[in-house]
Amino acid sequence: MRALITGATGAIGVPLVRRLLLEGWCVGALLRRDLSGEEYRRLFQGHIDTIAGDVTTPLCGVAPEAVAALRGHFDVLIHAAGKTRYHESLREETFQANVAGTRYALELSRALDIPYFAYVSTCYVAGRSTYLGENECGRSAEAHNPYEASKAEAECLVRAHETRTLILRLSTVIGDSKAGEVANAGGYAAFVRGFWLARERILRYPEHPFWVGLNPESTLNLVPNDWVAEHMCKAIGARMSGTIHLAHPEPVRMGWLFDLSVRKLGLPLTYRRIEAERTARWHDPMWRKIQESISEGIVGYFGPYVMRDTTFGLERAAQIPGFRPPSTISQEVIDAQLDYMINNLFQRKRVDRRDRLVRQSLPA
Ligand SMILES: NC(=O)c1ccc[n+]([C@@H]2O[C@H](COP(=O)([O-])OP(=O)(O)OC[C@H]3O[C@@H](n4cnc5c(N)ncnc54)[C@H](OP(=O)(O)O)[C@@H]3O)[C@@H](O)[C@H]2O)c1
């Protein structure tokens with residue numbers, strides 16, 4: 001099988017490309033940036049062809065000569081490029097990347113005569129609903145943020161495409177189940193990163209108790225990227241169609257996850273039920289400022305996912321040939337994630353826009 005993949009450098013794309021190569025696929029990746037030799041080898045072990053392009057431009061910016069040369073070459077286009085930021089201020093770029101990006105990926109698939117299109121979506125197209133089945137459409141009207149709305153809208157475009165299509169809805173994907181390795185700090189890693197960025201300031205005010213608003217009994221649906229990549233690869237290899245949820249049947253409790261995470265970071269943080277968060281010691285201006293910067297400036301972006309439960313139908317996933325349920329998200333699995341984040345992700349020099357916003361919003 002020959003696959004063309006977008007988003008190959010991302011948290012989902014990297015383990016997926018590795019898995020595809022392991023299973024003997026030929027892989028071409030549409031990349032919008034030149035990778036240095038070292039980065040290329042680290043990500044792809046030197047085994048894939050790359051095509052220059054950008055999903056936010058018509059035909060994904062692929063040059064006409066490349067379109068002519070590649071027509072009929074691929075069996076599937078796997079569209080895993082996208083923006084995974086939740087903030088309202090990023091609405092326009094989120095829609096450009098996720099909705100226009102999907103439209104152009106479908107257009108490219110048509111131009112290259114690719115008979116099968118697999119779209120990487122999210123279980124959180126459920127929005128505020130407490131349950132989403134695999135046979136149900138995403139609910140953009142119920143979306144918590146532009147990200148969820150854009151993914152639900154993009155799914156509609158995929159469903160209307162004329163060839164066979166598969167929508168793979170993933171829950172919150174963490175790093176590798178053993179090594180914790182992950183290409184980018186999204187989802188759970190972004191949540192932890194908020195505390196990491198604020199740690200010096202938190203430690204500077206030992207007399208102030210820090211409460212983080214969350215619902216300890218609610219769940220976060222974490223799935224390791226090695227399990228996700230394996231099952232995406234199997235579902236695509238079997239040319240399945242329709243929509244499949246790759247989510248955990250037994251998601252972890254938020255209180256448990258929070259305690260493990262802040263203990264590892266060595267921070268004197270504790271959680272408070274979200275309803276009670278605003279009432280405690282609200283008169284103290286310094287405490288209030290710090291508190292606001294933590295709960296709203298940082299963790300607020302991840303708010304809906306730490307407060308409430310959504311469950312996802314999993315019947316079609318169980319039909320993937322060779323399906324096995326994900327293993328338990330144990331303390332060892334979470335420890336591996338945190339070790340990897342602290343030693344690798346959080347040490348990177350690159351400061352992206354969100355990190356800058358977070359830093360600016362913190363009290364000096
Ligand atoms: N991670 C999760 O927990 C999760 C869960 C559910 C669904 N998903 C879905 O999985 C997809 C990938 O997410 P991710 O977590 O892998 O995100 P990520 O780590 O931020 O990676 C995004 C990928 O998309 C590429 N990309 C972004 N804009 C592009 C553009 N204009 N043209 C070409 N490529 C572009 C990036 O390339 P560069 O290297 O050039 O930036 C990168 O390869 C998203 O659509 C997301 O909705 C992810």
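Q: What makes a lining residue count as nonpolar, charged or polar in this predicted model?
A: Ala, Val, Leu, Ile, Met, Phe, Trp, Tyr, Cys and Pro count as nonpolar, Asp, Glu, Lys and Arg as charged, and the others, Gly among them, as polar. Under that rule the lining of the largest cavity divides into five nonpolar, five polar and two charged residues. Its members include Y124, L220, P251, P304 and Y305, as well as R308 and D309.

Q: Why is the space lined by these residues called a cavity, and how much space lies in it?
A: The name cavity is for a set of points where a 1.4 Å probe fits but cannot get out, whereas a pocket is an open set. By this rule the count comes to one cavity of 30 Å³ or more, and about 90 Å³ of space lies in the largest cavity. Both β10 (219–220) and α10 supply at least two residues of its lining, which also draws at least three residues from each of domain 1 (2–174 + 221–246) and domain 2 (187–220 + 252–309 + 327–359).

Q: What makes a set of residues a nonpolar core, and how many residues has the largest one?
A: The members must be buried residues of the listed kinds, joined through side-chain atoms within 4.5 Å, and the largest set that qualifies has 48 residues, with Y188, F191, L222 and L269 having the most contacts inside it. Elements giving two or more residues to this core include α5 (146–159), α6 (187–204) and α8 (254–265), and α6 gives the most, with eight residues. This core draws at least three residues from each of domain 1 and domain 2. A second, separate core of 41 residues includes Y40, L170, V228 and M240.

Q: How do you know that L222 is in contact with residues beyond its neighbours in sequence?
A: Contact requires heavy atoms within 4.5 Å; with neighbours within four places in sequence left aside, L222 is in contact with T172, I174, Y188, H248, V252, L257, I329 and I334.

Q: Which element gives the most to the lining of the second largest pocket, and how is that lining divided?
A: About 300 Å³ of space lies in this pocket, and α1 gives the most to its lining, with five residues.

Terms used:
Residues are numbered from 1 along each chain as its sequence is written. This is a predicted model: local features need pLDDT of at least 70, side-chain atom pairs count only at pLDDT 80 or more; totals for chains, interfaces and linings use all residues. Side-chain values use heavy atoms; hydrogens and water are left out. Buried means under 20% relative accessible area, exposed over 50%, partly exposed in between (1.4 Å probe, protein chains only). Helices (H or I, at least four residues) and strands (E, at least two) are DSSP runs, numbered from the N terminus. Domain bounds come from an automatic or database domain assignment. On a 1 Å grid over the protein atoms alone, a cavity is a set of points where a 1.4 Å probe fits but cannot get out, and a pocket is an open set with protein on both sides within 12 Å along at least five of seven lines; lining residues have an atom within 4 Å of a point. Grid points are joined across faces, edges and corners, and a volume is the space filled by probe spheres set on the points.
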